[in-house]
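Good morning, colleagues. I would like to take you through some local features of one structure, beginning with a single side chain and then turning to helices and backbone geometry.

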Amino acid sequence: MNPADGAGAAKAADWRIGTALVALASLLVAMPLLKYQALASNWFDLGLFENVFHAYVTQEGGAGHAFFGHAQPYMGAYAYVHHWWGPMGLLALQGVALAAPAWLVWRQYGPWPAAAFLLYYPLWANALFDFHFDHLAVPLLVGFYAAYERRSVGGAVVCAVLLAGVKEPFALQTVACGMFLLYQAWRLHGRDAQSMRWAAAGCALACAGMVWFYAATQWLIPHFTGSRGGLDADAFTWLGTGSGSMLRHLLLHPWLPVTEALASPGKLVYLLVGFGLLAFIPLLAPVWLIPALPPLLIAMLARSENYYSYGNHYTAGLIVPLIVAFAHGLPRFWRLCGRCGLHRPVTAWGVALVLLGGHIVLAPSPIGRLFWSDKVWSYSWRAYWPDERTRRIQAALDRWIPADDAVGVATQNSVNWGRMPLRAAYFAFPDGVFAAKVLPGWRQGEGTAAGAQPRMRYADYVVLDEKRPWFLLDRGCLWLHGQCTDEVAAARYRIAVADAMLHYSVVHEDDGFSILRRKEFP
């Protein structure tokens, strides 16, 4: 074969692969925007963040929201993105932050890791699970690894430090990035002139991450919320009270992550999805998984399903370490297969089938099975295409819900639209319906040190839709093929709706969608 012909064929193959990956990246950006327009976003958590961003910009002392519940110092920048461009701006920025790193992955590691990255289900789950700051971990971790590969100490440090600001648990990942650099400095000692610089950078990152985690969970979050953040949540209190007690308990019982994982089928599924969708190849390069240890340990130790559900945003910190470990493990995988007598084309097709097959089975993209099924409401193609009923609902919300910031609204989790979040009181049903609810962030404006009482509000309006998944706060029923399949959850929801009717009157009703107004305003 003419070498020029071979080079041309390789370029043509790269072009075809690149075109397919650009298409996938474009979908990652476009589909969340379409989902919002089709009224398929939720109160948890896009509506919640919209409400908080509105308070950040419009309320005196609103900047304190950056430390209300979590330490999220990037909130100010995102609050103004929302103020200027609304929820579409938020979702577009999130989509770009998740998709754009594929280019750097390609440049640094080649087409196989780039394809694995864009086909990886956790990436899609983060893109389409409304909005969360966690998405920032993806570009920052890609930047960290790329900076290390290119021997840029300053670049690696900057990316790892910025990672700590995503949310306080990511400060532990900053610590792990420091441990990764320390290990690499030890491994390269005597062979790399920069090994001492890497060691110093690793120590600095480990210390900075621990200091920020402690300050955020012990000072900042308690000051603004009156409770501790980080790993002092109910899901981890079985380990002890306070971060120090938890750490001590874990050091004395190092087998706990393993026993907890084995005791919970959901955690084993979490690991199976995370590693299995990459053909378990990342396990061949375990050193590159060091930055993934904090989110893995959090998932294994948590006793709340939210933390180890593979379909939510808590997987954000795992995506890049597993893809980078996949990139470094792939050559070893080829060599192992060669020793076993398996030819490269055969094993390449096998890896391709795992990557693509996992995407088809789980991911909600147009090449995924769930996209063309009505089984899962939020993953079906209908969640991206507004029908006539959806347009009528949007028009009714704009007409019947006053724009006045002082008017409180409680909405079913699966109905979030327009200016509903842009008010002081925006609750997830049934909050604010049967009892007055404390407004988030009241401490910032009123100062508990002076003995001020929290601001309490009822919901003046309630928004419900029996044809969208039923929720009580963030607890939904098992909604399959357009109906609730959990009779116990359905009964609780119906009782809550019936009780709400005692305090509210219907002002608008259309094909199962209703807007209620409080009969007597307290």
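Strands here are DSSP runs of at least two residues, numbered from the N terminus. The model you see is predicted. In that numbering, arginine 518 belongs to strand S11, which covers residues 513–518.

Which side chain of opposite charge is nearest to arginine 518? It is aspartate 460, 6.2 Å away. A salt bridge requires a separation within 4 Å, so arginine 518, although buried, has none. A polar atom of the arginine 518 side chain does lie 3.1 Å from the backbone oxygen of valine 433. Beyond its neighbours within four places in sequence, the contacts of arginine 518 include Gly432, Tyr458 and His503.

I turn now to the helices. Helix H2, residues 43–58, is largely enclosed by the rest of the structure, because 12 of its 16 residues are buried. Among them are Trp43, Phe49, Glu50 and His54. Helices H8 and H10 pack with their axes 10 Å apart and at an angle of about 10°; they are therefore roughly parallel to each other. Val153, Ala156 and Val157 are among the H8 residues at this contact, and Trp198 and Leu205 are among those from H10.

Finally, the backbone. The peptide bond from phenylalanine 44 to aspartate 45 is cis, with omega near 10°, and aspartate 45 lies in H2. A cis bond also joins phenylalanine 429 to proline 430, the latter in the loop between strands S2 and S3. Leucine 39, not a glycine, has a positive phi of about 60°; this residue is buried, at 0% relative accessible area.

Terms used. Residues numbered from 1 in each chain as written. Predicted model: local features only at pLDDT ≥ 70, side-chain atom pairs only at ≥ 80, totals over all residues. Heavy atoms only, no water. Helix = DSSP H or I, 4+ residues; strand = E, 2+ residues; numbered from the N terminus. Buried < 20%, exposed > 50% of the residue type's maximum accessible area, 1.4 Å probe, protein only. Lys, Arg positive; Asp, Glu negative; His and termini not counted. Polar contact = N/O pair within 3.5 Å; in protein donor to acceptor, adjacent residues only side chain to side chain. Contact = heavy atoms within 4.5 Å. Axes fitted to C-alpha atoms, helices over the stretch in contact; angles between N-to-C directions. Parallel < 35°, antiparallel > 145°, perpendicular 65-115°, else oblique.
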